[in-house]
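Subject: Structure handover and findings

Hello,

Here is the structure I promised you. Please open it alongside this email, and my notes follow below.

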Amino acid sequence: MLRQRIITAAWLAPLMLAGLFGLTGGGFALFTGAIVLLAAWEWTNLAGVTEAGRRLALVAGMALLMLVLWLAGAAFATWPLWLAVAGWVANLYWVTQYPARSEQWRSTATRLIMGLWVLLPAWVGFNVLRDTGGVWLLYVLLLVWGADIGAYFSGRAWGRRKLAPAVSPGKSWEGVGGGIGVTLVLALVFAVWQGLGLAGGLGLALATVVVTLVSVLGDLFESMLKRFRGIKDSSNLLPGHGGVLDRIDSLTAAVPLFALLSLGVL
């Protein structure tokens, strides 16, 4: 398994970096759109759709929605980002109330609608951040990765109090604290690098704490859906790493929120 993970990472990492930072405009939107559509394919399974033809039709519908957003100029708009905020408030409620309130979203139709407010705003958020030149896109990527690494090592070393045992028994509040510690260091580095000053640096630090917590929610939300569906990974599209959603679950929550905050804070 370790060998397969290394092989997959060896070709995937350069491809992702080239696409995220080597492309702009329509090319970037197509690249990130392709990733989102792969995630949408996996989401149909999380929603309980198993027939391949129907799954393809749903993914085609998502692609059409993305095209409409692009043609209407909404691929860089703020209203899809606000849609994400509303959606993630609902997601937070359902994660904290799992499994007691699972009947509220257990239908396939509801879970498919969830995918709209998770995946479409994430795509818009990527476009908005890339449109700024790429620095803040890099930041949110490093934030999510740093939070994950900090949480992993802090949780292993000091984890005692479970964060959401019904959803993801391995996660702890101590891990969350470690993740926030790492991302605050990252905020300090970027505040100095970008010359934000005291007020800008404090704004970035506050935004960083909020987005770090939301990134944890993104991970927990996908874990909840997988647990409800009875599967370990969203798919096997990435050998050794699971599926696309398994790799971007935290980003689907962090990117739209950070894009929204960056428009007013940074």
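How many residues apart do Lys226 and Glu222 lie in helix H8? They are four residues apart, about one turn of the helix. Before going further, please note that this is a predicted model.

**Salt bridges**

Let me stay with that pair. Lys226 and Glu222 form a salt bridge, and their closest N and O atoms are 3.9 Å apart. Both Lys226 and Glu222 are buried. They also belong to a network: salt bridges with shared partners join Glu222, Lys226 and Asp246.

Across the whole structure, the search finds five salt bridges. Two others are described here.

Glu174 has a relative accessible area of 18%, so it counts as buried. The cut-off for buried is under 20%.

Lys171 and Asp219 make a salt bridge through their side chains, at 3.4 Å from N to O. This one links distant parts of the chain. Lys171 is in strand E2 and Asp219 is in helix H8, 48 residues apart. Lys171 is partly exposed, because its relative accessibility is 24%. Asp219 is buried, because its relative accessible area is 15%.

**Helices H6 and H7**

Next, the helix packing. H6 covers residues 135-158 and H7 covers residues 173-193. The two pack at an angle of about 145 degrees. Their axes are 6 Å apart. The crossing is right-handed. What kinds of residue make up the contact of H6 with H7? There are 14 nonpolar residues, eight polar and one charged.

H6 has 24 residues. From first C-alpha to last, H6 reaches 33 Å. That is close to the 34 Å expected at 1.5 Å a residue.

The buried residues of H6 include Trp136, Tyr139, Val140, Leu141 and Leu143. Gly146, Ala147, Gly150 and Ser154 are also among them. Leu137 is another residue of helix H6. Leu137 counts as buried, because its relative accessibility is 0%. Leu137 and Phe153 are 16 residues apart in sequence, and their C-alpha atoms are 25 Å apart in space.

**The hairpin**

Strand E1 takes in residues 162-164, and strand E2 takes in residues 168-172. In which sense do they pair? The pairing is antiparallel, over two bridges. A hairpin of three residues joins E1 to E2. Lys162 stands opposite Ser172 in E2. Strand E2 also holds Lys171, the residue linked to Asp219 in helix H8.

**Helix H8**

H8 runs over residues 197-229. Does its length agree with expectation, or what span should we look for? With 33 residues at 1.5 Å a residue, H8 should span 48 Å. Its end C-alpha atoms are 47 Å apart, which agrees. Gly230 follows H8. The phi of Gly230 is positive, near 80 degrees.

Leu204 is found in helix H8 too. Leu204 is buried, because its relative accessible area is 0%.

**A loop residue**

Last, Thr78. Thr78 lies in the loop between helix H3 (52-71) and helix H4 (79-96). Thr78 is partly exposed, with a relative accessible area of 38%. Thr78 and Ala9 are 69 residues apart in sequence. In space, they are 33 Å apart, C-alpha to C-alpha.

Best wishes

Terms used. Residues numbered from 1 in each chain as written. Predicted model: local features only at pLDDT ≥ 70, side-chain atom pairs only at ≥ 80, totals over all residues. Heavy atoms only, no water. Axes fitted to C-alpha atoms, helices over the stretch in contact; angles between N-to-C directions. Left-handed = near helix turned anticlockwise from the far one by under 90°. Nonpolar A, V, L, I, M, F, W, Y, C, P; charged D, E, K, R; others polar. Expected span 1.5 Å × (residues − 1). Buried < 20%, exposed > 50% of the residue type's maximum accessible area, 1.4 Å probe, protein only. Pairing = 2+ DSSP bridges. Salt bridge = Lys/Arg side-chain N within 4 Å of Asp/Glu carboxyl O.
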